[in-house]
Amino acid sequence: MTRAWATLWTRSQAAAADRHTIVELGAPSPVLMERAALCCAREALAMRGDLPVWALCGPGNNGGDGVAVARILHGWGVPARAFLLSERMSPELAEQVALAEKLGVPIERGLPQGQAEALIVDAMLGTGAAPPLRQPFVAAVTWANARSGPKLSIDIPTGLDADTGAAPGPVFAADRTVTFVRSKPGLHVTPGRAASGEVVVADIGIVSQDMSDETCLIDPCEVARSIAGLKPGSHKGERGHVGIVGGSAGTPGAAVLAGAAALRAGAGLVTIATDDRGAGAAAGAPAGVDGAAPRRRAGAGGEGAGGRARLGARGGPGGAGGIMVGRPAGGGVGCVGAGRDRGAIGDAAGDHAAPGGGGSLAVREDR
Ligand SMILES: NC(=O)C1=CN([C@@H]2O[C@H](COP(=O)(O)OP(=O)(O)OC[C@H]3O[C@@H](n4cnc5c(N)ncnc54)[C@H](OP(=O)(O)O)[C@@H]3O)[C@@H](O)[C@H]2O)[C@@H](O)CC1
Ligand SMILES: [K+]
C-alpha cells in the first residue's frame, strides 16, 4: 500500500520515539523488538525462495532484531542462522541470543564461511549508528555486497547515514529495507535511495510524543492531484506564467528541462532567465518557453548567472506567478526575488532523476 504524505523520522526523532514509548509509556522493549522481527521475518520468507537465511548481527538492538528474525524463521522450519559480528552486546541482544540458543537456533561468531548462496539479512547497524562505518562492519558490508543472493536490511542499510542518505564508506546494497514506524530521510535521498531497494514501513507500535517537526515524503500521486486541471479551450494566458532562473555555463540543460516540465504540467508560458550560453540552449526549447538573459538582454535587469540576477522587468520572468531558481554552477549566488506573493522553488536542476517516473518515492506500509 502506498501512502500520500508519509512522514519521516530522523535518527534523533526515532531515538526520542523509542524512549517515549518504552520509558514513558511503559511498552516493553522486547515486545517492540518481537514485532519488528516478525515483520522482517515475513519479508525474508517472501524473498528467500529456497535459500537459507543468514542474519549478520551487530552489537546493538538492530543486531537483536536480526537474532529474533533467525529465531522466528527457525520456528517456521526455515534454515536460518545468526552471525554475531561483534564481541559487545546490548542487553536486548544478549536476551535474544540466550532465547535463540535455548530454542536450538544456530548462532555463530564472525562472518559465514563457504560460498553457499543465502538470503542475507543486514542486522548490523540501525538508527543508533552514525557513519562513517567502523570495522568489523566495513569488511562485513563489503563481503555481503560481493554475494549474489537477495539482501534485506533491517531499519536502514548498514553504512548509510539515516538522516542525509550519504554513504561515506561501503553501504549494504539491499533489495528491500524494512524500516520501523516511519521511513527515514536517508532511504529516499541519493545515494541512500539506491542502496535501500524497496522500502517497507512496518508499524511496530512505537509512538512519537512530538509531531511538530516532521519531514514529509512527497508522493507522486499527491503531486499529480495538486496540479490544477485545464479548462478545455483555455488560452495560454489563463494558464499561468512560470519564470526560471538558471542555465549557468556548463549546465544549460536543467533550465530547459524545468521549462518543459512546467509546460507539461499545464503552464501557459515559461520564461527562462539565463546567461549567454544558456540562452543558446533555451533557443531549442519547446514552443511556449521564452528566453530572457539577465545580462541586460531582454530587459530582465541584473548580472548574468554566476553574478546576481534581479527580476522584475516586464516581459522577463519577473511577471511570472511562480519562479524556479536553479543551483548556480561554480557555487555562485543564484537568485532571489520571487516576491512574497509568488511561489519560489530552489534547485530545479533535477540532478538525480527518479527512475520509473518517481515511483521509487512510494513506500509500502506493513501493518
Ligand atoms: N527497543 C528499541 O529501542 C527498539 C529498537 N529497534 C532496533 O534497534 C535499532 C537501534 O538500536 P540501537 O540504538 O541499539 O543502535 P544500533 O543501530 O543497533 O547500533 C548501535 C551500536 O552500533 C555501534 N556503532 C555506532 N556507530 C557505528 C559505526 N559508525 N561503525 C560501527 N559501529 C557503530 C555502537 O557502538 P558504540 O558507538 O557505542 O561504540 C553500538 O554498539 C533500530 O534501528 C531497530 O533496528 C527495534 O527492535 C524496535 C525496538
Ligand atoms: K541494518
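Predicted model: local features only at pLDDT ≥ 70, side-chain atom pairs only at ≥ 80, totals over all residues.
Which residues is Leu56 in contact with, leaving aside its neighbours within four places in sequence? The list is Gly66, Phe83, Leu85, Ile120, Val121, Asp122, Ala123, Met124, Ala140 and Ala144. Keep Asp122 in mind.

Now the overall numbers. The protein chain has 367 residues, and buried residues make up 44% of them. It holds 9 helices and 15 strands. Take contacts between residues at least 6 apart in sequence: 69% of those join residues at least 24 apart.

On to the ligand. There are 30 residues around ligand 1. Which of them come nearest? They are Gly60, Asn61, Asn62, Gly126 and Gly128. By type, the shell divides into 15 nonpolar, 10 polar and 5 charged residues. Three helices each supply at least two residues of that shell: H1, residues 11–24, H2, residues 29–48, and H3, residues 61–75.

Let me walk through two of those helices. H1 first. It has 14 residues and reaches 19 Å from first C-alpha to last, close to the 20 Å expected at 1.5 Å a residue. Its buried residues are Arg11, Gln13, Ala14, Ala17, Asp18 and Thr21. What do they pack against? The buried residues of H1 pack against H2. Remember the general rule here: an α-helix has 3.6 residues a turn, so residues three or four places apart point the same way. After H1 comes Gly26, with a positive phi near 80°.

H3 next. It has 15 residues and spans 21 Å from first C-alpha to last, close to the expected 21 Å. H3 is mostly covered, with 14 of its 15 residues buried. It is followed by Gly77, and the phi of Gly77 is positive too, near 85°.

Now the annotation. UniProt, in an unreviewed entry, places the feature "binding site" at Asn62, Asp122 and Thr158. These are spread over 97 residues of sequence, yet they cluster in space: the largest C-alpha distance is 9.9 Å.

Asn62 lies in helix H3. Is Asn62 buried or exposed? It has 25 other C-beta atoms within 10 Å, so it is buried. Not counting residues up to four places away in sequence, Asn62 touches Ala123, Met124, Leu125, Gly126, Gly128, Ile154 and Asp155.

Thr158 sits in the loop between strand E6, residues 151–154, and strand E7, residues 176–180. Thr158 is buried because 28 other C-beta atoms lie within 10 Å. Beyond four places in sequence, its contacts are Asp122, Met124, Leu125, Phe137, Val141 and Phe172.

For contrast, look at Leu99, in helix H4, residues 91–102. It has 14 C-beta neighbours inside 10 Å, so it counts as partly exposed. The C-alpha atoms of Leu99 and Met47 are separated by 25 Å, and the two are 52 residues apart along the chain.

Last topic: backbone geometry. Most residues other than glycine have a negative phi, and most peptide bonds are trans. Here are some exceptions.

Asp155 has a positive phi of about 70° although it is not a glycine. Where is it? Asp155 is in the loop between E6 and E7. With 27 C-beta neighbours inside 10 Å, Asp155 counts as buried. Recall that Asn62 touches it.

Val181 has a positive phi as well, near 65°. This residue is in the loop between E7 and H6. It has 21 other C-beta atoms within 10 Å, so Val181 is buried.

Then the cis bonds. The peptide bond from Gln135 to Pro136 is cis, with omega near 5°. Pro136 is in the loop between strand E5, residues 119–123, and helix H5, residues 137–145. The bond from Thr190 to Pro191 is also cis, with omega near 5°. Pro191 lies in the loop between E7 and helix H6, residues 192–196.

Methods:
Residues numbered from 1 in each chain as written. Chains lettered and ligands numbered in written order. Near = placed C-beta within 6 Å. Helix = DSSP H or I, 4+ residues; strand = E, 2+ residues; numbered from the N terminus. Nonpolar A, V, L, I, M, F, W, Y, C, P; charged D, E, K, R; others polar. Expected span 1.5 Å × (residues − 1). Buried ≥ 20, exposed ≤ 12 C-beta atoms within 10 Å, placed from the backbone. UniProt positions renumbered as here; feature names shortened; annotations may be inferred. Contact = placed C-beta atoms within 7 Å.
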